[in-house]
Structure formats: C-alpha cells, structure tokens
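Dear colleague,

I am handing over the structure below, and after it I set out what was found. Please read the notes with the structure open beside them.

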Amino acid sequence: MGRARVNGDGTAGIAVVGPGECHVWSARAHWVPELLDVLDEGERERCAQFRREEHRGLYLTAHVLARRVVAAQLSVDPRDVIFVLVCKHCTEPRGRPHGKPTLPGTPLELSLSHSGRRVMVALTTAGPVGVDVEEVARQADLPLDVLSAPERAELERLPSVDRAGAFTRYWARKEAVLKATGEGLMVDPATLTVTGPAAPAQLIEWRERPEPHLPVRLEDLDEGDDYRAAVAVVGDGDRVQVVRHPDTDVRV
C-alpha cells in the first residue's frame with residue numbers, strides 16, 4: 001500500500017486525462033534540492049551525475065512534474081509512482097536501465113522532454129505518446145542529414161534567417177514520433193518526412209515502415225520564439241484531442 005497523500009504534494013489542481021485526450025504540461029526548469037525527495041533512488045543517482053546545476057535542474061523538474069501528473073491520475077503520492085524504463089531494442093537487460101518510461105498496471109502512456117530551460121510532459125490513454133521540446137538551434141552548420149530530401153529542399157527555399165527555427169521545428173516533430181514508437185534515434189530520422197514548418201504538423205511518409213505506425217496524431221506546441229515543440233500519439237492518434245497546460249511551477 002502506498003503512503004498516504006498529504007497536502008502540498010503538488011498534485012492539487014492537476015487535470016485528469018479523459019478518454020481520447022492527450023494532456024501536455026510544460027514548466028520552466030529549476031534546481032530545488034528539497035524536491036529530490038520526490039524521486040526514487042535511481043532517479044536521485046542519475047540526477048547527481050550531472051555536473052552542472054542547470055542540467056540537474058532540467059532532470060529534476062522533468063521527473064518531479066511527471067510524477068505529479070501521474071500521481072494525480074492514480075490518486076497516489078508522487079513518491080509512490082513506479083516508472084519502468086523499456087528499450088524495445090534490447091532483448092535482455094544490459095547496463096543501466098534505459099528506454100521509454102512506462103507505467104505498468106495502468107492504461108497511461110507517458111513521455112517527457114527537456115531542453116534549454118524548458119520541460120514538457122505528455123500523458124494519455126489513447127496510445128503510445130511522444131513529446132519533444134527543443135531550444136532553437138544556434139549553430140551555423142545545421143545537421144541536415146537528419147532531414148529527408150523534400151524537407152531539405154523546403155528548408156533551402158527559406159531565407160537564411162528563418163532556417164534555424166524551421167530546422168528545429170522539423171527535428172521536434174520527428175523526435176516526437178520516434179519517441180512515441182519507442183524507436184528513438186535507433187532509426188534514421190531522415191526516413192521520416194513531415195510537413196513543412198509553416199504547415200500544420202503531419203507525418204507524411206516513413207520509408208520502409210508501414211502501418212501500424214500510421215496514423216499518427218502530430219501537433220506543434222507553442223513554447224515561444226526560442227523553442228519548438230511537438231507531441232505525437234500513434235495508433236488511433238489521429239482522433240486524439242491535445243490539451244495544453246502551460247507554465248506549471250514544480251516548486252509549489
């Protein structure tokens with residue numbers, strides 16, 4: 001039996017995810033050592049391995065937020081939430097647990113992401129989900145090999161000043177899809193083609209990968225000028241309603 005919930009566990013006011021919905025929460029990262037108590041032992045060990053405080057803050061904020069939104073669905077204390085990491089590419093356990101976080105014994109599908117100073121968590125019962133937030137690329141030489149030929153052609157038609165934001169838009173969309181399927185970067189992102197950065201998000205093609213990975217509900221998430229973000233739900237995801245909950249403060 002889990003420990004009794006107490007006032008101030010951070011779950012007050014967190015919405016319950018309804019059928020056919022995918023809820024997405026976002027937060028600004030903070031390093032608050034007092035919140036380490038919310039994590040399990042493995043998470044605390046992983047957090048301590050980050051040398052820079054800003055990276056520890058990203059990890060801590062993402063995992064505290066994930067625990068709170070899941071706890072609100074299950075009516076438990078956030079410290080009692082159990083995540084199991086599953087890597088679809090490993091046939092047997094090896095090294096440190098890794099892969100996509102799952103919630104065994106529940107219908108919930110979870111994804112979390114962080115970049116720069118932003119954190120996002122997505123939760124649904126509609127199907128496998130992936131969320132990705134990316135700080136807009138600053139480097140002069142963008143890694144264009146992750147784009148398909150149609151995407152590269154579209155990018156090259158844009159004014160140079162717009163290319164970093166457009167590239168990051170492409171990347172967030174692709175990463176959201178690959179996280180939803182559990183493939184991650186074991187799959188070449190260039191095999192996916194998504195719509196152009198000015199068009200509504202949609203997965204157009206995935207070379208060498210037929211259904212059931214389609215249809216995909218893919219939607220951009222507004223995170224301001226410095227970030228691009230997207231969420232993807234696979235299976236019956238094309239009928240999923242995305243509900244946004246911006247600016248959650250994990251320090252509450």
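Predicted model: local features only at pLDDT ≥ 70, side-chain atom pairs only at ≥ 80, totals over all residues.

Helix α3 passes helix α4 in a right-handed crossing, where a crossing is called right-handed if the near helix is turned clockwise from the far one by less than a right angle, and left-handed if anticlockwise. Residues are numbered from 1 along each chain as its sequence is written, and side-chain values use heavy atoms, with hydrogens and water left out.

To return to the pair, α3 covers residues 149-156, and its axis comes within 10 Å of the axis of α4, the two crossing at roughly 155 degrees. Here the axes are lines fitted to C-alpha atoms, for helices over the stretch in contact, and the angles run from 0 to 180 degrees between N-to-C directions. α3 is therefore roughly antiparallel to α4, a term for angles over 145 degrees, whereas angles under 35 count as roughly parallel, 65 to 115 as roughly perpendicular and the rest as oblique. On the α3 side the residues that meet the partner are E151, E154, L155 and E156, and on the α4 side they are R163, A166, F167, Y170 and K174, with contact meaning heavy atoms within 4.5 Å. By class, this contact of α3 with α4 has 4 nonpolar, no polar and 5 charged residues; Ala, Val, Leu, Ile, Met, Phe, Trp, Tyr, Cys and Pro count as nonpolar, Asp, Glu, Lys and Arg as charged, and the others, Gly among them, as polar.

Y170 sits in α4, which spans residues 160-181, and Y170 is buried at a relative accessible area of 1%, where buried means under 20%, exposed over 50% and partly exposed in between, with a 1.4 Å probe and protein chains only. Leaving out residues up to four places away in sequence, Y170 touches L147, E151, E154, L155, V194, T195, G196 and P197.

Helix α1 (residues 41-48) packs with helix α2 (residues 53-74) at an angle of about 160 degrees, and their axes are 9 Å apart. α1 and α2 are therefore roughly antiparallel to each other, and α1 passes α2 in a right-handed crossing. E43, R46 and C47 in α1 meet R56, Y59, L60, H63 and R67 in α2, and the residues of this contact divide into 3 nonpolar, 1 polar and 4 charged.

Turning to the strands, G116 lies in the loop between β4 (109-115) and β5 (118-124). Apart from its neighbours within four places in sequence, G116 is in contact with L58, E135 and Y227, and the C-alpha atoms of G116 and E135, 19 residues apart in sequence, are 5.6 Å apart in space. R118 is found in strand β5 and counts as buried at 11% relative accessibility. With neighbours within four places again left aside, the contacts of R118 include S26, A27, R28, L58, Y227 and D247.

D247, one of those contacts of R118, belongs to strand β11 (residues 241-248). D247 is exposed, with a relative accessible area of 60%, and its phi is near 60 degrees, a positive value in a residue other than glycine. S75, in the loop between α2 and β2 (84-86), has a phi near 55 degrees, which is also positive in a residue other than glycine, and S75 counts as exposed at 52% relative accessibility.

Finally, for the chain as a whole, there are 4 helices and 11 strands, and 49% of the 252 residues count as buried.
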